[in-house]
Amino acid sequence: MINAIYASIWLFSLYKWGDWKNWKNYYSTILFFILGDFIYLYLLSDIYPMWKYEPYHIDGTMGITNTHVSLSIMAIKYPATVLIYLYHFPENNWKKQFGYLLLWVGLYSINEIIDLYYGVINYYNGWNFWWSIIMNIIIFSTLRIHYHNPILAWLMSIAFILCLWHIFNVPSTVFR
């Protein structure tokens, strides 16, 4: 149920504020965002998770799992985010750009605080809310970079993943 509420909020936000008519302009950045989470889901979610979604009450009784929640986020929240975030990103004013980035980091962080409060997300293997904030800063910075320079965004992402891999001592057994 909470998953459906979130999806509805993101779809409404997309309709109201997103550049959904020009989605093709953002398509590669949407795929970049989804692929990053999909790689996490595939490699770490079952074997060495940093976080996992725990379906809220009725969702769990309906058989919804961490994978279902993650896939719905990838299918609805991430495209909506990219289509709103990039469309309204301020041009030529670094102070406004920084403030806008912080606004989105704040939105995602508030969403996670709500999830934590209701037990919809749990952390594992040293991950915590502060790491999520750092991750949100990296995500929103990288999305903007990817939109203009995909190769640079991929290189930055690989470097960040390798750093996290080392910091969290991810075992090589995650490769199946």
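Which residues have the most contacts inside the largest nonpolar core? They are M50, W51, Y85, W104 and F140, in a core of 43 residues.

## Basis of the model

The structure is a predicted model, in which local features need pLDDT of at least 70 and side-chain atom pairs count only at pLDDT 80 or more, while totals for chains, interfaces and linings use all residues. Residues are numbered from 1 along each chain as its sequence is written, and side-chain values use heavy atoms, with hydrogens and water left out.

## The nonpolar core

A nonpolar core is here a set of buried Ala, Val, Leu, Ile, Met, Phe, Trp, Tyr and Cys residues joined through side-chain atoms within 4.5 Å. Buried denotes under 20% relative accessible area, exposed over 50%, and partly exposed the range in between (1.4 Å probe, protein chains only). The largest such core comprises 43 residues. At least two of its residues come from each of α1 (2-17), α2 (27-43), β1 (51-53), α4 (66-85), α5 (94-117), α6 (129-148) and α7 (150-167). The most is given by α4, with 9 residues. These elements are DSSP runs numbered from the N terminus: helices are H or I with at least four residues, and strands are E with at least two.

Contact means heavy atoms within 4.5 Å. Not counting residues up to four places away in sequence, F140 touches T81, Y85, L101, W104, V105 and Y108. T81 belongs to helix α4 and counts as buried, at 0% relative accessibility. With the same exclusion of residues up to four places away, T81 touches W10, F33, L86, W104, Y108 and F140.

## Packing of α6 and α7

The axes of α6 and α7 come within 7 Å and cross at roughly 160°. Axes are lines fitted to C-alpha atoms, for helices over the stretch in contact, and angles run from 0 to 180 degrees between N-to-C directions. Angles under 35 degrees count as roughly parallel, over 145 as roughly antiparallel, 65 to 115 as roughly perpendicular and the rest as oblique. The two helices α6 and α7 are therefore roughly antiparallel to each other.

The crossing of α6 and α7 is left-handed, a term applied if the near helix is turned anticlockwise from the far one by less than a right angle, with right-handed used if clockwise. On the α6 side, the contact is made by W131, I134, M135, I138, T142, I145, H146 and H148. On the α7 side, P150, L152, A153, W154, M156, S157, F160, L164 and I167 take part.

## Residues in loops

S45 lies in the loop between α2 and β1 and is buried, with a relative accessible area of 1%. Its side chain makes a polar contact with the side chain of N66 (2.7 Å). A polar contact is a pair of N or O atoms within 3.5 Å; within protein, one must be able to donate a hydrogen and the other to accept it, and residues adjacent in sequence count only if both atoms are side-chain atoms. Beyond residues up to four places away in sequence, S45 touches Y40, K52 and N66.

W20 is placed in the loop between α1 and α2 and is partly exposed, at 36% relative accessible area. The C-alpha atoms of W20 and V82 are separated by 9.8 Å, although the residues are 62 apart along the chain.

## Positive phi angles

Most residues other than glycine have a negative phi. N125 has a positive phi of about 55°; this residue lies in the loop between β2 (121-123) and α6 and is partly exposed, with a relative accessible area of 34%. N169 has a positive phi of about 50°; N169 is in the segment after α7 and is exposed, with a relative accessible area of 60%.
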